[in-house]
Amino acid sequence: MSKMITVSENNVFSLTNSKFSYVFMASPEGVMQHIHYGGPLREPLKASVHHLRTQRETASTYQGGQYFSLSDTPQEYPSFGTSDYRFPALHGRNSDGNTVYSLEYFGYEIVKKKPRLKKMPTARGGKSETLIITLKDPLHKLTVELYYTIYEDYGVLVRAAKMKNEGDKELQLQHAFSSALDLPPQDYEIIHMHGTWSREFNVERIDVPKGRFVVDSARGTSSAAHNPFLALVQKGTTEDYGRVYATTLIYSGNFALSVEKGEFEDVRLLAGINPFNFHWRLKPGKTFCTPEALHVYADKGLRSMSHQWHDFVRDKISPKQFRHVPRPTYLNTWEAAYFDVDEDKVLHLADKAKDIGVDMLVLDDGWFEGRRDDTSSLGDWIADGARFPSGIPALAAKVKAKGLKFGIWFEPEMVNPKSQLFENHPDWILHVPGRKPSLGRNQLTLDLSRPEVIDYLFGQIDDILSCGDIDYVKWDMNRNMTEVGSAALPKNRQREVSHRYILGLYDLLRRLTAKYPTVLFENCASGGNRFDLGMLSYMAQGWTSDMCDPIGRLEIINGCSYLYPLDVTAAYIGPSPNHQNGRISSIETRFMAGVFCAARGVSLNESDIDTHKEELQSLMKFAKASAANMVGGRFDRLIKNKNEVCWQYTTRDERTVYLAYFHKLSAPNLPFRRARLCGLDQDRDYMLVEDGSYYGGDALMQSGMPLPYVSTGHVRESVRYMPKGDFSAYLFEFRRHEG
Ligand code: GLA
């Protein structure tokens, strides 16, 4: 393995592979000063320092030194109070009670084995090197280790920080960011993803303003309001042009990604736990680890950024036993029957599932004791005696005897006030003294910072999974947290509860997924309210949204694909009119919106299934046959405008190329459109499966594929048409000529 980390005698550090160089140094004063992040450099240790030292009126100078102010110095891990006025990576109360920490370079270490963080998921190692920089505040005996991991084959840089109190007095942390990135002045834009229930993953793009712009969460989950993703892009960046610096976190709780353009126009990006409402007491001898922050540098626009994320997420984050494993097609009971489920109905639906050729029956919400609507029973994870008299293990065995897999829904982190669990343990919920807890969907949040709650949940879920016939678990979480307090922690640790909750959740997930490594877990939080790399470290796929109307779903998949490979997504054909927005659309378009998701299925009632049986059979046949192709391939966004979307999916072996074209509202007399494909072999031909015609790879990329004509319907044999009307979709399948 080539040496990716190099260090000069005067403490310049470089992390360089074929995709990027990241260079910084210890200044003569001991401040970690950032030098370069961008394309790979031939001689990174010689990169020029772009920070010039000069006199600035009114600038405070660091420790009284001449011409050296931290307010214009790009830094690796800034703190506050020693001449830098920007939002700091480290902040909190020190052993004297004030907030002035000052970190000085102490030493470094390079390790081949990627370090893991205590109690938190981390990116896997392999062909990687990690640089650990040790900084110390000698006055307050705080040691901070900065971790930088670089991989031979990926454009992702992994960062984290670890704080250790080496003194004999308590320290407190308020800002404990995972990484800070100070980029030189340039015209950057910010791209981020915002949303809400059923409208997740909207992409917003804005100029970097002067001042500070933050996406964050204080809801207890990473949340649909802002997915933990932010990219700084060179102004004018498109899908295939422009420099991109993108960031995310392996974290599922309250996070913050903040961008600050200071008085001297350099841009600071901070990534980590949200400092708002966070406070951690660091007792003597104790350490605190931040979650990992991931950074991508890409120089060929947003597509190249997404390719780097996708490769990394599937290879280094997502559970490795599911990497490149085709996902079963499925029938989910939710929009087929909602809470009105019983054993007979499930077995009937299983027969229907068999009829249309899907692989798995998923029993969603409604199966446990007394659960007939969303007002009761969360917390009591035993089958409802009246409706499921033989119990879940027997039902699972019956479904499996029909030749199907069996999956089941849980919402383990919640409890309804109307439940046995709440009656027995009213203290096990997040709450604060003297305040009536707010409800969300009639439910309360269990206090996962308490180990006994984790043990209880492990026991309840284990009881069901241990029957051995459960192939899949949908893990739901349907409210934002309020009155976040724990009866098990002292008053001065209440602001640790949100983070401790996430550590408890990770502990539970680690224990369950370690005991049941072959069970496919799907992450859900009212759809995409906690869709992040923390959850995806334990669960091979996620439910991006409850929005299954295809037009709504297109936007969601488009945004989601900026960071997440479609390997980790699921989609199903829901009812029409859609239950969320009332839109009427064809079965085919409903399927097509999720055509490139790894897990594809159906959630329709028996009569809808009967009415559309043949169509469903043919779509599920395609889904099953192509399942192996829908993992590990390359997804490209080709066209997206108000009325059209066009995506390309190239299989892992590059032999099959799909092109999905969507047209929203029809109109007369539209122009002839084409899509330029990308990443094909320009020297080979590709056969269009539907008619056996051949197209050159070069022609498909340079000249483009003529898209079906919209709106008039089929009138001439020689012209390819979209289905007539609104919300139409078309799928091309090309096979590479191997001669
Ligand atoms: C959430 C999920 C849905 C479904 C319901 C069940 O809303 O996102 O898919 O599982 O809960 O209550």
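**Ligand site**

I started at K474: an N or O atom of its side chain is 2.8 Å from an oxygen atom of the ligand. I kept in mind that this is a predicted model. Next I looked up D476. Its side chain places an N or O atom 2.9 Å from a ligand oxygen. For W409, I read 3.1 Å between a side-chain N or O atom and an oxygen atom of the ligand.

I then asked how much of the ligand the protein buries. The ligand taken alone exposes 310 Å², and the protein buries 96% of that.

I also listed the surroundings.

**Helix pair α1 and α9**

I moved on to two helices, α1 (residues 301-317) and α9 (residues 550-563). How are two packed helices described? By the angle between their axes and the distance between the axes. For α1 and α9, I found an angle of about 70 degrees and axes 6 Å apart. Angles of 65 to 115 degrees count as roughly perpendicular, so α1 and α9 are roughly perpendicular to each other.

Which residues make the contact? From α1, I wrote down L302, M305, S306, W309, H310 and V313. From α9, I wrote down S561, Y562 and L563. By class, I noted 6 nonpolar and 3 polar residues in the contact of α1 with α9, and no charged ones.

**Backbone checks**

I looked at P577 next. A cis peptide bond joins S576 to P577, with omega at about -5 degrees. I located P577 in the loop that runs between β30 (569-573) and α10 (587-593).

My last stop was K127. This residue is not a glycine, yet its phi is positive, about 45 degrees. Where does K127 sit? I found K127 in the loop between β6 (104-111) and β7 (128-137).

Notes. Residues numbered from 1 in each chain as written. Predicted model: local features only at pLDDT ≥ 70, side-chain atom pairs only at ≥ 80, totals over all residues. Heavy atoms only, no water. Axes fitted to C-alpha atoms, helices over the stretch in contact; angles between N-to-C directions. Helix = DSSP H or I, 4+ residues; strand = E, 2+ residues; numbered from the N terminus. Parallel < 35°, antiparallel > 145°, perpendicular 65-115°, else oblique. Contact = heavy atoms within 4.5 Å. Nonpolar A, V, L, I, M, F, W, Y, C, P; charged D, E, K, R; others polar. Polar contact = N/O pair within 3.5 Å; in protein donor to acceptor, adjacent residues only side chain to side chain. Areas by Shrake-Rupley, 256 points an atom, 1.4 Å probe, with all protein chains shown as cover.
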